[in-house]
Amino acid sequence: MEAISAGTNNDAETTVSGDLIEWADNIYVMERKHHARVTQTFAPLLKDKPVRVLGIPDDFKYMDPGLVDLLKRKFPEWFS
């Protein structure tokens, strides 16, 4: 499984795009506000793709070790 990280803000290193939405099998966002942005912007492309909220505050920098550790503890199946 390949994972790509993309942000909802225009200043993100990689910004969520229609191409990424179409490519993705699973879409996860950190917070509810990200869910709203993605679903409002890309609704036609999300017909069969649920957007899941992780419930993790978006207070981390990209690949922050604290975030990686939190994700490993919360979702160990992703790291097996």
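Author: The side chains of D69 and R73 form a salt bridge, with 3.4 Å from N to O; the term requires a side-chain nitrogen of Lys or Arg within 4 Å of a carboxyl oxygen of Asp or Glu. The model is predicted, so local features need pLDDT of at least 70 and side-chain atom pairs pLDDT 80 or more, while totals for chains, interfaces and linings use all residues. Residues are numbered from 1 along each chain as its sequence is written, and side-chain values use heavy atoms, without hydrogens or water.

Because D69 and R73 stand four residues apart in helix α3, about one helical turn separates them (a helix is a DSSP run of H or I, at least four residues; a strand is a run of E, at least two). D69 is partly exposed at 38% relative accessible area, whereas R73, at 56%, counts as exposed (buried is under 20%, exposed over 50%, partly exposed in between; 1.4 Å probe, protein chains only).

The whole structure holds two salt bridges. K33 and E31 also meet in one, at 3.6 Å from N to O, and K33 is partly exposed, with 46% relative accessible area.

The nonpolar side chains form cores (buried Ala, Val, Leu, Ile, Met, Phe, Trp, Tyr and Cys joined through side-chain atoms within 4.5 Å). Nine residues make up the largest nonpolar core: V16, I21, A24, I27, V29, V38, F42, L46 and V51. Two or more of these residues come from each of β1 (27-29) and α2 (32-42). A second, separate core has six residues, among them M30, L54, I56 and L71.
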